[in-house]
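Please consider the protein shown below.

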Amino acid sequence: MNVFNKILTALRGSVREIGESVVDANATRIYEQEIMDAKHHLSQAKQDLTLVMAKEMQAQRDIARLNGEIAKYEQHALQALDKDAATLAEEVAERIAILEVELTGQIKVKEEFAGNIVRLKELIKQTEAKLREHERELAMAKTTESVYRATQSISQSMHGGGSKLISARESLDRIKQRHTELSDRIKATEQLDNELGDKALDAKLAAAGIGAQVNGKQVVLDRLKAKHRGTDTSPKQDT
């Protein structure tokens, strides 16, 4: 039995943790909904306040009416006394006494309404101030959440070990390295051909004055310069 109770306790703990996790994940939405519910209750409270204020106005009118009736019957009682109608005056006095009892009760009701109105107005004022504070906190929470999401997105894009950007950058570096290797191989091939190939032999023959003149223009220019100096040693042509 003890083991069974412990299992139930563990299950209750797991359910509680899951519930807390769900609440935390949706904290902003829940907070916003709570504020909306509080606003709805505040609106209902204002409607109730208008009803109480209307009741107070009605009580005030009843008080005015009772005061008017009492004043009227007092005049009637005085007139009855002036006419020595004591019995009638007594009946009128009894009527005035009933009206005064009703007036006292109505005044008490009106005072209760007035007290409720004061308390409700103060409660509504405090609730509105509290709601404005909650709305400011909600706005800050939403802003913080947006900043957190943006920061997390940037961090995953720029600094994540397996990010696409880093993978693309590594691929580009490998391409650049292959291009550099290919360029080095081309240069090495040209250098080897210059040193050991046919071009190397042609260059040596040209340096020794053997074979075709590599630069005929320079040879002609040298001959003209020598002729100009009177030291032309090139063979004369027969005329």
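The paragraphs below describe the fold, the contacts between helices, the salt bridges and the surface patches.

The model is predicted. Its secondary structure consists of six helices and zero strands, so that, read from the N terminus, the order of elements is α-α-α-α-α-α. Of the 239 residues in the protein, 11% are buried.

Ile35 belongs to helix α2, which covers residues 27–82. With a relative accessibility of 6%, Ile35 counts as buried, because the limit for that class is under 20%. Beyond its neighbours within four places in sequence, Ile35 is in contact with Leu131, His134, Glu135 and Leu138. The C-alpha atoms of Ile35 and Arg132 are 9.5 Å apart in space, although the two residues are 97 residues apart in sequence.

The second residue, Gln106, is located in helix α3, residues 86–159. Its relative accessibility is 17%, and Gln106 therefore counts as buried. When residues up to four places away in sequence are set aside, Gln106 touches Ala59, Asp62, Ile63 and Leu66.

Charged side chains also pair with one another, and the structure holds eight salt bridges. One of them joins Glu135 and Lys39, with an N to O distance of 2.3 Å. Because Glu135 lies in helix α3 and Lys39 in helix α2, this pair ties together parts that are 96 residues apart in sequence. Both partners are partly exposed: Glu135 has a relative accessible area of 30%, and Lys39 has one of 40%. Glu135 is also among the residues in contact with Ile35.

A further salt bridge is formed by the side chains of Glu56 and Lys110, at 3.8 Å from N to O. This pair, too, links distant parts of the chain, with Glu56 in helix α2 and Lys110 in helix α3, 54 residues apart. Glu56 is buried, at 19% relative accessible area, whereas Lys110 is partly exposed, at 22%.

Lys130 and Glu133 present another arrangement. Their closest N and O atoms are 3.8 Å apart in a salt bridge, but both residues lie in helix α3, three residues apart, which is about one turn of the helix. Lys130 is partly exposed at 44% relative accessibility, as is Glu133 at 30%. Salt bridges also link Arg65, Glu69 and Glu102 in a network.

Helices α4 (164–196) and α5 (198–207) each contribute at least two of its residues. Asp198, which lies in helix α5, has a relative accessible area of 62% and is therefore exposed.

A nonpolar surface patch is formed by Leu201, Leu205 and Ile210, which together have about 260 Å² of accessible area.

Definitions and conventions
Residues numbered from 1 in each chain as written. Predicted model: local features only at pLDDT ≥ 70, side-chain atom pairs only at ≥ 80, totals over all residues. Heavy atoms only, no water. Helix = DSSP H or I, 4+ residues; strand = E, 2+ residues; numbered from the N terminus. Buried < 20%, exposed > 50% of the residue type's maximum accessible area, 1.4 Å probe, protein only. Contact = heavy atoms within 4.5 Å. Patch = residues over 30% accessible without salt bridge, like charges linked within 9 Å, V, L, I, M, F, W, Y side chains within 5 Å. Areas by Shrake-Rupley, 256 points an atom, 1.4 Å probe, with all protein chains shown as cover. Salt bridge = Lys/Arg side-chain N within 4 Å of Asp/Glu carboxyl O.
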